[in-house]
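Subject: Structure handover

Hello,

Here is the structure I promised to pass on. Please open it first, then read the notes below it.

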Amino acid sequence: MRLLPIVKCRPGMKLAKKIFSQDGLVLLGENIELTERLLSRLEQCGIQYVYIADSRTEDIVLPSLISEETMQHALKDVRKNFRAMMDRPKREKGITYPYIAQPFKQLMNQIIDDLSGHQDAMIMLLDMGSVDHYLYQHSLNVCVYTMLLGMAYGYSRDELATLGMGALLHDIGKTQISIDVLKKPGSLSREEFESMKLHTRIGYELLKDEPNMPLLVAHCALQHHERIDGSGYPRGIKGNEIHDYAKWVGLVDSYDAMTTNRIYSDPILPHHAIERLYAGSGTLYEQRMLQLFRDKVAIYPIGISVKLQTGEEGVVSDINHSYPHRPVVRVLYNEAGEELRTPYEIDLSKRLTMMIVGVNDDIREAQQVAGV
Ligand SMILES: [Fe+2]
């Protein structure tokens with residue numbers, strides 16, 4: 001199977017994986033044949049990528065880190081509870097709202113169970129499989145990445161559950177920030193940036209008194225923008241004053257923000273994001289954490305479309321565990337952009353002069369054409 005931008009999908013293509021709605025319900029099942037009508041409906045739902053069954057890539061199978069059941073559970077819980085948080089200030093005093101610690105603890109246990117079966121797995125962001133409201137999707141991405149790193153680091157089950165909740169809820173304070181600031185295209189004014197920074201303190205306030213919520217979860221919200229040289233916010237604390245959990249969350253948060261399509265900046269290529277993080281090694285981020293991140297994250301996950309500097313385009317078909325940033329690429333389009341009937345593979349760990357210059361960039365080109 002391969003991951004294809006929705007704008008490149010054509011009627012007659014078949015889905016290789018289920019598509020979930022924002023509520024975690026199955027929108028379309030496997031093997032469904034796409035029609036014009038279904039494609040436009042998926043686009044209306046904000047779905048940008050789908051997994052397509054393709055005879056040239058049918059042997060490419062994505063190892064599922066998280067079961068469909070967990071995925072559905074996660075999407076549903078995150079949406080429901082984040083919405084409850086958003087609505088909270090509007091509620092009248094004395095009316096109870098759903099407590100979030102208990103459902104999220106259950107969710108963390110479910111995720112740990114799923115991940116425990118894949119301890120050697122590389123982290124593959126796209127395995128999450130659904131495009132959703134930025135805050136929900138970003139929170140889930142950061143949660144799964146951070147938990148896998150925490151597992152590789154050797155945290156216990158209880159520690160992982162707390163770390164995972166800290167990662168899932170790190171930006172919960174954004175539910176109280178003006179949507180105009182959150183969604184503003186372009187850079188923020190000084191005042192707007194100051195109000196954006198408040199999401200850390202607000203998150204802490206929201207979480208610290210939450211029944212059954214470990215206080216460390218609130219500290220992840222408060223400290224995830226702090227940096228070890230003291231250049232972060234809100235308090236400018238340094239080194240060991242920042243809890244390790246908040247450092248993990250801060251690192252993964254920065255990576256996800258750089259590589260995801262955002263309103264105010266274009267995403268950058270995963271290996272450039274790693275380089276940018278490394279530029280802050282020992283000043284912004286802990287070196288030992290960066291190293292583990294680089295070794296454990298499959299920055300080009302299996303199934304993703306990539307473009308090489310020669311103009312050849314294809315799909316990542318395998319990961320080199322010793323060089324996760326130099327995967328094996330199955331070329332499906334030649335330099336002239338012609339579709340190949342018989343694809344061939346290039347192992348980037350052996351062909352060091354070959355470079356990836358684009359990831360799913362067909363969608364960006366298509367969006368530009370459409371004026372989006
Ligand atoms: Fe944040």
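Let me start with one contact. Arg288 and Asp244 form a salt bridge, with their closest N and O atoms 3.2 Å apart. The term means a side-chain nitrogen of Lys or Arg within 4 Å of a carboxyl oxygen of Asp or Glu. This pair links distant parts of the chain: Arg288 is in helix α12 (residues 287-296), Asp244 is in helix α10, and 44 residues separate them. Arg288 counts as partly exposed because its relative accessibility is 36%. On that scale, buried is under 20% relative accessible area, exposed is over 50%, and partly exposed lies in between (1.4 Å probe, protein chains only).

A word on the source. This is a predicted model, in which local features need pLDDT of at least 70 and side-chain atom pairs count only at pLDDT 80 or more, while totals for chains, interfaces and linings use all residues. Residues are numbered from 1 along each chain as its sequence is written, and side-chain values use heavy atoms, with hydrogens and water left out.

**Confidence**

pLDDT is the predictor's confidence in each residue, from 0 to 100. The chain has a mean of 83, and 86% of its residues reach 70 or more. Helices (H or I, at least four residues) and strands (E, at least two) are DSSP runs, numbered from the N terminus. Over residues 362-372 the pLDDT is below 50. Residues 124-132 also stay under 50.

Asp54 forms one with Arg2, the closest N and O atoms being 2.7 Å apart. Asp54 sits in the loop between β5 and α2 (68-87), Arg2 in strand β1, 52 residues apart. Asp54 is buried at 12% relative accessibility. Arg2 is buried too, at 5%. Shared partners join Arg2, Asp54, Arg56 and Glu339 into one network of salt bridges. Another pair is Asp171 with Lys174, at 3.3 Å between the closest N and O atoms. Asp171 is buried at 1%, and Lys174 is buried at 12%.

**Aromatic rings**

There are seven aromatic pairs. Rings of Phe, Tyr and Trp (its six-membered ring) pair if their centres lie within 6.5 Å; planes under 30 degrees apart are stacked, over 60 edge-to-face, and the rest tilted. Tyr145 and Tyr255 are edge-to-face, at 5.9 Å centre to centre and 85° between the planes. Tyr145 is in helix α4 (residues 134-153) and Tyr255 in helix α10 (residues 244-259), so this pair ties together parts 110 residues apart in sequence. Tyr145 is buried at 3%, and Tyr255 is buried at 2%.

Tyr153 and Trp248 have ring centres 5.0 Å apart and planes at 70°, so they are edge-to-face. They also tie helix α4 to helix α10, 95 residues apart in sequence. Tyr153 is partly exposed at 37%, whereas Trp248 is buried at 0%. Ring pairs link Tyr153, Tyr155, Tyr245 and Trp248 into a cluster.

**The sheet**

Three strands form an open, antiparallel sheet in the order β1-β5-β2. Strands pair if DSSP finds at least two bridges between them. The edge strands are β1 (2-5) and β2 (14-15), each pairing on one side only. β2 pairs with strand β5 (residues 49-53) over two bridges. Lys14 stands opposite Ala53 in β5.

Best wishes

Definitions and conventions. Contact means heavy atoms within 4.5 Å.
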